[in-house]
Amino acid sequence: MRSLIVGVIGLLVGALCTLILLNALRQGTAYPNGVMAVMSAQMKGLDQSLKQNRCTSADLTPRLQTLRFLGNDLEPAFLPTADDERFIGHASELRAALDAALAAPPADCAAARVVIDRVGSGCQACHRDFKG
């Protein structure tokens with residue numbers, strides 16, 4: 001009887017440990033989540049700047065620079081996906097849009113809206129193909 005109880009407890013502990021391990025593996029690492037969280041915060045900040053009519057180069061350039069720097073981390077952050085040519089294409093297009101925005105910063109809110117929409121469409125293209 002005692003061995004039956006110990007066996008059942010062993011099976012329950014084993015099942016619980018397996019469940020915890022599978023949950024941890026499913027969540028992945030914090031790196032890709034962090035990259036996306038910071039990029040999302042920067043895009044929201046750009047949208048807020050537009051809503052507040054704060055569209056000078058000084059208002060927008062720091063956020064665009066942060067997005068550009070994070071653009072370099074897209075392939076390393078999403079390693080299995082980084083080998084996919086579509087992913088590489090989307091990441092390159094996003095970096096190109098950010099490079100263009102930084103080379104010629106928007107002068108007013110209308111130009112800033114165009115830049116932000118171009119960057120946002122680069123983000124959405126990748127999310128459409130990969131976020132699922």
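In this predicted model, helix α2 passes α3 in a left-handed crossing. The axes of α2 and helix α3, the latter spanning residues 57–71, come within 10 Å and cross at roughly 160°. With angles over 145 degrees counted as roughly antiparallel, α2 and α3 are therefore roughly antiparallel to each other. On the α2 side, the contact is made by Val-35, Val-38, Met-39, Ala-41, Gln-42, Met-43, Gly-45, Leu-46 and Ser-49. These residues meet Asp-59, Leu-60, Arg-63, Leu-64, Thr-66, Leu-67 and Leu-70 of α3. Sorted by class, the residues of this contact comprise ten nonpolar, four polar and two charged.

Helix α3 also packs against α6. Here the axes come within 9 Å and cross at roughly 150°, so α3 and α6 are likewise roughly antiparallel to each other. The crossing in which α3 passes α6 is left-handed. From α3, the contact draws on Thr-61, Leu-64, Gln-65, Leu-67, Arg-68 and Gly-71, while α6 supplies Arg-95, Leu-98, Asp-99, Ala-101 and Leu-102. Five nonpolar, three polar and three charged residues make up the contact of α3 with α6.

The next pair to consider is α6 and α7. Their axes lie 9 Å apart, and the helices pack at an angle of about 170°; α6 and α7 are therefore roughly antiparallel to each other. Arg-86, Phe-87, His-90, Leu-94, Ala-97, Leu-98 and Ala-101 of α6 take part in this contact. Their partners in α7 are Val-115, Arg-118, Val-119, Cys-123, Ala-125, Cys-126, Asp-129 and Phe-130. The class division for the contact of α6 with α7 is eleven nonpolar, one polar and three charged residues.

The largest pocket holds about 600 Å³ and is lined by 24 residues. Two or more lining residues come from each of α2 (30–51), α6 (85–103) and α7 (109–131). The most is given by α7, with nine residues. Nearest the centre of the pocket lie Met-36, Cys-123, Cys-126, His-127 and Lys-131. Taken by class, the lining of the largest pocket has 13 nonpolar, eight polar and three charged residues.

Methods:
Residues numbered from 1 in each chain as written. Predicted model: local features only at pLDDT ≥ 70, side-chain atom pairs only at ≥ 80, totals over all residues. Heavy atoms only, no water. 1 Å grid on protein atoms, 1.4 Å probe; cavity = no way out; pocket = protein on both sides within 12 Å on 5 of 7 lines; lining within 4 Å. Points joined across faces, edges and corners; volume = space filled by probe spheres on them. Helix = DSSP H or I, 4+ residues; strand = E, 2+ residues; numbered from the N terminus. Nonpolar A, V, L, I, M, F, W, Y, C, P; charged D, E, K, R; others polar. Axes fitted to C-alpha atoms, helices over the stretch in contact; angles between N-to-C directions. Parallel < 35°, antiparallel > 145°, perpendicular 65-115°, else oblique. Left-handed = near helix turned anticlockwise from the far one by under 90°. Contact = heavy atoms within 4.5 Å.
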